[in-house]
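Trainee: Could you walk me through this model? I have the sequence and structure open.

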Amino acid sequence: MTTLMSEPETQETSKPQPADQTAAGSTEDKAVNDSETLIEVKDNFGFNYGSTQVLFDLNLRIPNRKVTALIGPSGCGKSTLLRCFNRMNDLIDGISHTGDITIGGQSIFDPALEIISLRKKVGMVFQKYNPFPKTIYENVVFSLRVSGRNNKALLDETVERSLRRSALWDEVKDRLHESALGLSGGQMQRLCIARAIANEPEVILMDEPCSALDPIATGKIEELIDELKTDYTIVIVTHNMQQATRVSDRTAFFYLGKLIEYGETTKLFTNPQEKRTEDYVSGRFG
Amino acid sequence: MADTPSFKPDPHRFEVSKRVLWIDRFMNSFIKIGGVGVIAAIFGIFLFILAQITPLFNGAEVRPVGTVEFAEGEYAIFGIDEWGELPFMAGRDGVFHFTDLEREQTTDDEKVARRYTVEDGAVVVGERGQFTRQVFEDETYQHVKYDSGAKQAVFSSARGTVRLVKVNYRPVFDESLRTIEVELETESPYQLGEAGQAIVDVDVLEAEDLRVIAAVQQNGEDSNALNLLFFKAGTGLFDEGGLTLQGSVDASGLVENPVKVRVNGAGDALLVLDDQDQLHYLRREYDESVAGDSGGGGLLGGLGGEEDSDEPKKAPYKFVHVQTIKPLGDRPESKIASIDWLFGRASLVITGTDGEQRIFSSYSQKEGGLTYAQINEFPNLEGGADRFDYSRRNRGFLITHGQNVKLQYATTGVTRWEDTLEYIPQLAGIGPKYDLLMFSDGTGKLNLSYLDDPHPEAGWKAFFGKIWYEGQPEPQYTWQSTGGESSFEPKLSMMPLIVGSLKGTLYALMFAVPIAILAGMYSSQFLSARWAKIIKPTMEIMASLPSVVLGFLAALWLAPILETRVPSVVLIIVLIPTVSVAFGFIWSQLPKNTRTLVPEGAEFWALIPVMGLVTWIGWELGPALEQALFVVTDEATGKQVADFRLWWPEATGTPFEQRNSLVVGFMMGFAVIPIIFTIAEDAMSNVPIYLRSASLALGASRWQTAWRVVLPTAAAGIFAAVMIGFGRAVGETMIVVMATGNTPIMEWNIFSGMRTLAANIAVELPEAAQHSTLYRALFLGAMLLFLLTFTVNTIAEVIRQHLRGKYKAVSD
C-alpha cells in the first residue's frame, strides 16, 4: 500500500513548483469571481509569531454567503489564518504579517481601521463553548450592550431572533434570565452562535465548533451552519473530514502553513488535484 | 539483542520496599500531627486569651475568715492597718482597743497572700495580744466618726469642740520580722464657732498641705450655723512642716438651716445639705477684706510673727453659693439619709430613706466653673443606708441596710457582691487594700472576711458602654488607663480603640483599594506582558518593606510635609483621576493613525508625563487654592491668614493634627496596596482567556472586556484581596503607633489621629503589671482584634463563595 502510494507522490512532486503557483490561480478562475468574493487573502500573505513563520504565500478568495472549510493537520496554520480575519491574533505579542487581507474590499490591516468595528463585522465561535458567567439573555445581547444599544425592545427582539436563528429558542425561552452555565455543552455552543449573530455580522468564523461536543449536538450545529449560510459568510476550521464534506461548499487544505489545494468541497474530496490532499482526506495522515 | 532471550523479569519487582512504606507511614502521621498541632496551637492561644480576660467579668468573692473578740463595750468606730494585723475598736470615751492578729504569708493559687490563722472560727491573737491606748480624759464627746482614708477619728462635742485623733500605723522591721507599731496622735480640741454651740455634723478634709474642718452647729436660733477652720502647711523658712492653724471662716447664712456639710478633695468647695433635702454647692473664694496674714505665708510667715491672741484669727476666705441640687427631687416620699464621699472626695454617694443610692460628681462647665450632677444610680436598697464605708483603692463602697450588705462600684453602677448577715452590723468597713471586709455588731465582735475582687472597675459596661466618669460633663466612651494621682480611676472603654482601628483601616482602604484594584486591572488587562512581568514582582517587593520603615517615614517625613500642603494634596487627589479620564477621552478622539504610533499596552508612556505634570501643577497650585478658599482670621493677631490648619477647625469644629488619619491612610495604604494588587492581579489574570477572547471577538473594547467580563468573573478573587488587605490594615501596628498621636478619641475626622487596638497593646504594654486590670484589658483588646478579623474573614469567605458560584466560568 505504501509503495503503491509512493508512486503517485513522486508523480505529483514532479510538478510541485507550477502547482503551488497555479493552485491559487486555478481555483480562482474555477469558482470565486470578483463579485462573489467577500474575503480575499492576497499578495502572498504570510504570518509570523516572532521569528517563526507559520503562514506562507497565501492567496485565496472566500465567497460571500457560502461555507468555506479550512482543513489540514494540526499546526498547519488554519486556525491562525482564521484568527487573522478578525485580528484575534493581535492579543499575542510579537506578531507580524506580509501581504494583505481584505474583507469587502477593505484591508483589515489598514491603520485607520478600528479593530472593534472589524470584530463587529466578523463574528467568531470558538472551539470550546465559552458563554459568559451571566444570564442567557445577557450573553446574547452582550455585543449590543458594548455598542451602547440598551433599548429594551431592541434587546428583547434581538434575543428572540438570535436564539430562534440558532435553534435554541424553544429550549431556553422560559429561562432566559438564568445563568448560561446551566445549559448543556451543545446548547452552550448554540448560545455562542446566537451571541455571535446577535449583532448581524457579515462573517462568522468557527474554530472547530464541534470538537468538544457529542455527535448529537454536533449534528444540530451542522444543521444550523447549513441554515445560517443563507445570511452569513461562514469560515469553519475543522479536523473532521466528514464534517467538512457535510457542511462546506468550498474547502481549503493547508499543510505546514501553505495552502495546498482550494476548491469546491465535492471536487476536493472526490478528485483532489494534489497528492497530499488525497492522502489527507483519505486519512493516510493527519 | 543477544540479551533479549535471556532476560527474566525480576521476581521481586511487585514488592514494595519496607523503607518506602515506613517513610510513607511516617510522613502520613507527621503531617497529621503537624496539622492537628497547628489547629491545637491556635485553639490554645484562643483559650489562653479567654482565660486571661474572663476574670474581668467576674464579680467579687468574699470568704468569711473568723471573729476577733474585743473587750465587751460600746464601740462607735473601728479600723485596721494596711497589713491587716492590728485592728482597733473605739468608743466615744477615747479608749482605743487594739488586737494583734497573726498573719502568715501563704502561697495560694500561685498568688502570694497573707492569711490569718484561724482556730474554731476565731482569729488567733498574736504575741502582743490585746492592749488599749487612751487619748484623752475628762472630756465627753457626743459623736465620733472615723475616716478610714485619712486614718483619723473625729470626736465632736456639744460644746462645739472637735478633737482629731490620728491612728499612725507603721511597720518596724527587726531581723526580717515585721511588726506593726501604732501611735495615736491627737491635737488639743479645736473650738468651732462659739463655745457651747453643739456640733450637729462635721467633716474633716485631711490632705498633705491642707486641713479643713467644717461643722454644722446649733446656735440656739432657728438656723444652724456653719463654721470652718482652715489649716495649712507652713511655707515659711523655719517651719518644721506639718499643719498650722490658718484661721476660721463663718459660712453661716448662705444656706438656710444646714444639717450636713461635706468638704471636697481640694478644699475649695462645700456641699451643704439643708433640712429641705436640698444640696448646696458653695465655692470658696479669696476674701480680700480679711486683714492680716492674707497671702498665706510669705518667706518669713512662720517666723514667730503670729502671736497668740484671744481673738480667733480669720482665714482669708469666703464662700459663694453656686448651685442648688435636689438629689431626691423626683422622690418626694424619700428623705436623704446620708451623704458620703467616695475615694478622692470628688463624688458623693447620696442615699435616701427608701434605699436610693445616687452618685453625684462635679465637672467643669464650658463657661467655666464646676457644677454637680448625678452621674450614676443604683437599684434601691430595702431602706435607707445604715452604714457606709468607701474603698481606698477605687470607687467601690460598702453599704448596709439592716442585715443586708452590698459592695457597690460607683463608676459602673454594678453590685460587686451582696449578702445577708446573721446580725445587724453596727460597723462595716473595707480593708485599706480592698482585700478585707469587716463587720461588727458593735459589742466587741469583729468579723473579718477576705475580699477577692481584683478587677472591680472592669465589666461589660466599662468596656463597651458609655460611662459618666468623675469630672466629665456627660457619659462617654473613654480610654485612659493611667493617671497622675492615686485617686485616679482607670477608664477602659474599648470603643475608642475599636473606632480607631476601623478608622485607620477605612482611610487606608479608601486610598489603597481603588489604586490597587485598578492597578491590578491595568497590569493584567492592558499592560503588555513584557511590562507586566516587571511591574508585578516590583510591587511584591514593595510588600516586603518593613512597616516600621513606613511608619518612620510617615512620622518624620510625610506628616510634616502634608501638614502644610493639605490643599495641594486635595487638589492632586481631585486632579489625577479627572485628568486621567479626560486624557483617555482625548486619546480616544485622536485619529487611529496617531494612536497606532504607541503600541497597545504601552500607552502609559503617553500618560505618565501628563500625570507628572498634573501632580506638579496640583502641588504648586495648592497654596493658591489655600489663599483663595481657606482664609481665616487669626485670633492672636486679628489678621486674615490663609492656613488650612486653622481653617479646618473653624469650619468643621474638629481639630487638625499633624499626625492625622490622612498620613496613616497614605502610609498604611502603601503597606496594603501591594497585597491587594498582587492577589487582585492574579484573580484577573486567571480569568480564562476564552472569556476575554469571546468578549473581544464580539466587538467589546479592552475596557468593556475588563469591566463587563473580567471584573465580574474575578470578583471573588478581588473581594478576597480586599479582605486580606483589610486584615493587614486592622492588625497593622507600627505605622499607626508612629504616624498617629495615639489619642484614643471617638471621631471620624480625617485630620485627627486615632489609637487602634493593635497600637494600644504596643503602647500600653510597659504599663501593664501582670494580672492587673490593664493587663487583662489589653488581652481583651487582643481578643477583639482576633474576633474582628475572624468575623470579617468569615463574612468575606461566605460572600466570596457566593460570588464564586455566581461568576464561575465554564468548568474545563
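Mentor: Chain B has a radius of gyration of 38 Å, but a compact globule of 812 residues would have one near 28 Å. That radius is taken over C-alpha atoms, and the globule rule is 2.2 Å times the number of residues to the power 0.38. This is a predicted model, where local features need pLDDT of at least 70, side-chain atom pairs count only at pLDDT 80 or more, and totals for chains, interfaces and linings use all residues. Side-chain values use heavy atoms, leaving out hydrogens and water, residues are numbered from 1 along each chain as its sequence is written, and chains are lettered from A and ligands numbered from 1 in the order in which they are written.

Trainee: What box do the C-alpha atoms of chain B fill?

Mentor: Roughly 130 × 90 × 55 Å, taken along the principal axes.

Trainee: And how much of chain B counts as buried?

Mentor: 48% of its 812 residues; buried means under 20% relative accessible area with a 1.4 Å probe, protein chains only.

Trainee: Which residues touch the most other members of the largest nonpolar core?

Mentor: Phe45(A), Leu81(A), Phe85(A) and Met494(B), out of 122 residues. Such a core is a set of buried Ala, Val, Leu, Ile, Met, Phe, Trp, Tyr and Cys residues joined through side-chain atoms within 4.5 Å. Helix H10 (residues 661-685) of chain B gives the largest share, 14 residues; helices are DSSP runs of H or I, at least four residues, numbered from the N terminus.

Trainee: What does Met494(B) touch?

Mentor: Its partners include Phe463(B), Trp479(B) and Leu784(B), not counting residues up to four places away in sequence.

Key
Buried means under 20% relative accessible area, exposed over 50%, partly exposed in between (1.4 Å probe, protein chains only). Helices (H or I, at least four residues) and strands (E, at least two) are DSSP runs, numbered from the N terminus. Contact means heavy atoms within 4.5 Å.
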